[in-house]
Amino acid sequence: MNAEWRPALAASIRLRHDRVRDKDLLVMPERVVVLNPEAGRILRLCDGSRTTTQIVDELAADFPDVSVADDVGEFLMRVRGEGWVR
Amino acid sequence: MGPESGVVDPPWALLAEVTHACPLHCPYCSNPLELVRRSTEVDTATWVRLMEEAGDLGVVHAHISGGEPLLRPDLAEIVAAAERAGIYTQLVTSGVGLDADRLGELTDAGLHSVQLSVQDATAAASDHIAGRRSFADKERAAEVVRDAGLPLGLNVVLHRHNLTHLDAIIRLGVEWGAQRIELANTQFYGWALRNRTALLPGRELLATAEETVRRWRERSSIELIWVVPDYYEGIAKPCMGGWGNRSITIAPDGRVLPCPVAYALPDLSPPNARDHSLAWIWEHSPAFNAYRGTAWMREPCRTCPQREADFGGCRCQAFALTGDAARTDPACHLSPDHHLIQELTKKPGAAEFVYRRPGA
């Protein structure tokens, strides 16, 4: 994963919190992806301004006992493969 | 989750039929034979309230449809209300009337995506099915949607008159910049049921079409949704993802239905959003609980391992073919009425269809 990549959600996709189901959702035409809390937390940081390094650093600050870099990288590559993040 | 558990999960999607008026006359129109008159349509304030209630209830997607929704001059206000409620909106349109200005008004209101109907691959063939010149409007509509950067999907209803052109239809979708094409084999309700013999394709035509879809999927990234022709598959479709399970339809006059063809069920007595809250309708109305879950089922559905997957198929199809909405969908090969469908697929097709028209 390129450390300079600044991931952002694809233009047609909305990330929102569903207060009825108490879940984060990715909403796109004809499709809803229900996110687990970790995925929602990562995708909220994908605003096009933060590099992947900064995203990993922010998450690491929140979870100092966990090694997040590999998991975050793998997750971001996967959602990019789906076309949800650029 | 069904009513027997005492908990009803919230709905995901709302189909808002804001008007039944339409410039097109497609012979398979999914609107009821008895179209809602414009004079009885619910007003702007009611739609605004319904969008708020839908958001509170848990609706995530609103498909703003018709008829032709662009015929409502207050459409942007309805879209804006959905956006305020956190609902992702898709305009479902014939494209007639969708120019850059109108689309701009809707995107300013928060519109997220557009699904455009196309009747066939060429102007002459598409206009013939639509019953009026409209292909050029569709082409322009696709262009303005693309220019606005909105996701574009096409919806093509398939039948014996256009299935032979499927390859050209998919190519058209690619050229028009669609990300997705819904290839919707005609479902036989309402107008399509009236025109069934003119529309029902032969088995060979469908086999060739499936091969065409398979080849496109190999070489193109466009998403192709193949809505199965259930008269031929021997398998009942999980209609609406289950009755009162995922989706709400609101008719132009405020009637609320578990599915957009349930108008045809005579004993349903759909509640009206003018009289009840959407939450009460979803959770407690007799109409939404009539076929919810599995407790209403009879044999062979009641003990079938597929009952939680296909929900016994389509209630409206069961009614249309047997006169009893609680029977197993005759599309299922396990249905005691399956021969009804098998006989229909053996009849030679008649060539002419009648167009949808008000008061028919």
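Student: How many residues of strand β4 (residues 113-117) of chain B are buried?

Tutor: In β4 of chain B, 5 of its 5 residues are buried, and the strand is mostly covered. Buried means under 20% relative accessible area, exposed over 50%, and partly exposed in between (1.4 Å probe, protein chains only). Helices (H or I, at least four residues) and strands (E, at least two) are DSSP runs, numbered from the N terminus. This is a predicted model, in which local features need pLDDT of at least 70 and side-chain atom pairs count only at pLDDT 80 or more, while totals for chains, interfaces and linings use all residues. Residues are numbered from 1 along each chain as its sequence is written, chains are lettered from A and ligands numbered from 1 in the order in which they are written, and side-chain values use heavy atoms, leaving out hydrogens and water.

Student: Which residues of β4(B) point one way, and which the other way?

Tutor: In a regular strand, side chains alternate between the two faces of the sheet. Here B:V114 and B:L116 point one way from β4(B), whereas B:S113, B:Q115 and B:S117 point the other way; all are buried.

Student: Do the bridges join β3 (residues 88-93) of chain B to β4(B) in a parallel or antiparallel manner, and how many are there?

Tutor: The two strands run parallel and are joined by 4 bridges; strands pair if DSSP finds at least two bridges between them. One case is B:Q90, whose bridge partner in β4(B) is B:S113.

Student: How many helices and strands does chain B have, and what is its radius of gyration?

Tutor: Chain B has 15 helices and 9 strands. Its radius of gyration is 20 Å, close to the 21 Å that the globule rule gives for 360 residues, so chain B is as compact as a globular protein of that length. The radius is taken over C-alpha atoms, and the rule is 2.2 Å times the number of residues to the power 0.38. The C-alpha trace of chain B spans about 55 × 50 × 40 Å along its principal axes, and buried residues make up 59% of the 360 residues. Among contacts (heavy atoms within 4.5 Å) in chain B with a separation of 6 or more, 72% come from residues 24 or more positions apart.

Student: Where are the cis peptide bonds of B:G67 and B:P300 placed in the chain?

Tutor: Most peptide bonds are trans. A cis bond joins B:G66 and B:G67, with omega about 10 degrees; B:G67 is in the loop between β2 (61-65) and α2 (75-84) of chain B. The bond from B:E299 to B:P300 is also cis, with omega near 5 degrees, and B:P300 lies in the loop between α12 (286-289) and α13 (307-310) of chain B.

Student: What is phi in A:D22 and in B:S269?

Tutor: Most residues other than glycine have a negative phi. A:D22, which is not glycine, has a positive phi near 50 degrees. A:D22 occupies the loop between β1 (14-18) and β2 (23-28) of chain A and is exposed, with a relative accessible area of 57%. For B:S269, also a residue other than glycine, phi is positive and near 45 degrees. B:S269 is in the loop between β9 (256-257) and α11 (278-284) of chain B, and at 57% relative accessibility it counts as exposed.

Student: Which residues does A:G48 touch, not counting those up to four places away in sequence?

Tutor: With that exclusion, A:G48 touches A:R6, A:P7 and A:A8. A:G48 is in the loop between α1 (37-44) and α2 (52-62) of chain A and counts as partly exposed at 31% relative accessibility. A:G48 and A:L9 are 39 residues apart in sequence and 7.8 Å apart in space, C-alpha to C-alpha.
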